Amino acid sequence: VAVGPPQSATSLEQIVVAMEEKRCSLGVERWAIWGMSGGSFLAQLYARMYPTAVTGLILASSGPYFRTTVEDSDCILSPRNPAWSSKLSAAGLLDGEYKTGPSAWEIVTDVGWVFRRASGAALVVSPEEPSAELQAIMPALWAFDGRPWLGTVAAPTLVICGTADPVVPIRHAETLAALMPNA
């Protein structure tokens, strides 16, 4: 069953609640969740919020902390990735503070779509236009950090990532697996 986010969702918790509502409406006692990339963060959070509803997790192309992954220059979404760093530097978007406050997506010539805080450095790069849902939920993804509680997730978990994954360098997937007791 594919469960999409509610149109008004502004937090990962809201999406997880919608997932739980869907499980209940289907009459499913327990289910396995396969989450890829940002969906993996939802699966991790779901297993934390509804531990008795999960038989297992499959987490593909993910780590435990979104920000650490996209700050890694080996991640293709990172502003520091060699594909983008010189172009973002020339646009004045590579260096600077990670300011708080409003955030926005904007188009940067020869790069693509860039997510950044107002008057701050680029945080995430997307060569293609992100969907409206991804644009809306990006602040919540940016803030996601499962490290403090992943050790409490008891569900059997398979973490999948390849050495050539352009989005998630394998060391982040290895960290995710190491933090989860049954991964």
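**Exercises on backbone angles and nonpolar cores**

Asp-110 is exposed, with a relative accessible area of 61%. The model is predicted.

**Exercise 1.** Classify Asp-110 and Ser-61 as buried or exposed, and state where each lies and what its phi is.

*Solution.*
1. Exposed means over 50% relative accessible area. Asp-110 has 61%, so Asp-110 is exposed.
2. Buried means under 20%. Ser-61 has a relative accessible area of 10% and is therefore buried.
3. Asp-110 sits in the loop between strand 3 (103–108) and strand 4 (112–117). Ser-61 belongs to the loop that lies between strand 2 (54–60) and helix 3 (66–71).
4. Most residues other than glycine have a negative phi. Asp-110, not a glycine, has a positive phi of about 65°. Ser-61, also a residue other than glycine, has a positive phi near 55°.

**Exercise 2.** Describe the largest nonpolar core: which members touch the most others, and which element supplies the largest share?

*Solution.*
1. The core holds 37 residues; Leu-12, Ile-33, Tyr-46, Leu-57, Phe-66, Val-124 and Val-153 touch the most other members.
2. Elements that each supply at least two residues include helix 1 (12–26), strand 1 (31–36), strand 5 (122–126) and helix 5 (132–143).
3. Helix 2 gives the largest share, six residues.
4. Another core, of nine residues, lies apart from this one, with Leu-94, Val-108, Val-111 and Val-114 among them.

**Exercise 3.** List the residues in contact with Val-153, leaving aside neighbours within four places in sequence.

*Solution.*
1. Val-153 is one of the core members that touch the most others.
2. With those sequence neighbours left aside, Val-153 is in contact with Gln-44, Ala-47, Arg-48, Leu-57, Met-180 and Pro-181.
3. Of these, Leu-57 is also named among the core members with the most such contacts.

Terms used
Residues numbered from 1 in each chain as written. Predicted model: local features only at pLDDT ≥ 70, side-chain atom pairs only at ≥ 80, totals over all residues. Heavy atoms only, no water. Helix = DSSP H or I, 4+ residues; strand = E, 2+ residues; numbered from the N terminus. Buried < 20%, exposed > 50% of the residue type's maximum accessible area, 1.4 Å probe, protein only. Core = buried A, V, L, I, M, F, W, Y, C linked by side-chain atoms within 4.5 Å. Contact = heavy atoms within 4.5 Å.
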